[in-house]
Amino acid sequence: MLRKILQSFVHASRGLRAAWQDGWNCRIQSIAAMFLLGLIWYFQLSVVEAVLLLGAALFVIFAELMNTAIERTLDLVEAEYHPGVGRIKDIAAGGVFIASITALIAGLMVIFRHVSGL
């Protein structure tokens, strides 16, 4: 049982490493999350604010991982360009876009509150 659990962590870390190495967007979003940690420290955000912003940032990374998995799967299924495959990839990328915009708005709302002194 413990061996299966440990093996699942090995597979998950291998997937994260592959996403980092292969995916430019994943690297950008990871760097943005690290920048967010700096903002949390600099502005001394409350635990609730920090958890909400980190949750939003990690959700964006999760969405990017799912988008990458969908894209890689579709590339295996259909090697040549197909409009249906392109549409599915666009929809998955749209999910990442929505998650990113939502996280950005949440971050700006929290940070603005601290910058403006409200």
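Leaving aside neighbours within four places in sequence, which residues is Leu 53 in contact with? The close-ups below take up this question and a few others in a predicted model.

**View 1. Leu 53 and its contacts.** Beyond its neighbours within four places in sequence, Leu 53 touches Leu 36, Leu 45, Ala 106, Gly 107 and Val 110.

**View 2. The largest nonpolar core.** Welcome to a group of 10 residues: Ala 33, Leu 36, Ile 40, Leu 45, Ala 50, Leu 53, Ala 57, Ile 61, Val 110 and Ile 111. At least two residues of this core come from each of H2, helix H3 (47–77) and helix H4 (83–116). H3 is the one that gives the most, with 4 residues. Another core, of 6 residues, lies apart from this one, and Ala 56, Val 60, Ala 99 and Ala 103 are among its members. As general background, nonpolar side chains in soluble globular proteins tend to be buried together.

**View 3. Where helix H1 meets helix H2.** The axes of H1 (residues 2–22) and H2 (residues 24–42) come within 5 Å and cross at roughly 100°. The two helices are therefore roughly perpendicular to each other. On the H1 side, look for Ala 19, Trp 20, Gln 21 and Asp 22; they meet Trp 24, Cys 26, Arg 27 and Ser 30 of H2. Sorted by class, this contact has 4 nonpolar, 2 polar and 2 charged residues.

**View 4. An aromatic pair, Tyr 42 with Phe 43.** The structure holds 2 aromatic pairs, and this one is edge-to-face, with 5.0 Å centre to centre and 85° between the planes. Is Tyr 42 buried or exposed? With a relative accessibility of 59%, Tyr 42 counts as exposed.

Methods. Residues are numbered from 1 along each chain as its sequence is written. This is a predicted model: local features need pLDDT of at least 70, side-chain atom pairs count only at pLDDT 80 or more; totals for chains, interfaces and linings use all residues. Side-chain values use heavy atoms; hydrogens and water are left out. Axes are lines fitted to C-alpha atoms, for helices over the stretch in contact, and angles run from 0 to 180 degrees between N-to-C directions. Angles under 35 degrees count as roughly parallel, over 145 as roughly antiparallel, 65 to 115 as roughly perpendicular and the rest as oblique. Contact means heavy atoms within 4.5 Å. Ala, Val, Leu, Ile, Met, Phe, Trp, Tyr, Cys and Pro count as nonpolar, Asp, Glu, Lys and Arg as charged, and the others, Gly among them, as polar. A nonpolar core is a set of buried Ala, Val, Leu, Ile, Met, Phe, Trp, Tyr and Cys residues joined through side-chain atoms within 4.5 Å. Buried means under 20% relative accessible area, exposed over 50%, partly exposed in between (1.4 Å probe, protein chains only). Rings of Phe, Tyr and Trp (its six-membered ring) pair if their centres lie within 6.5 Å; planes under 30 degrees apart count as stacked, over 60 as edge-to-face and the rest as tilted.
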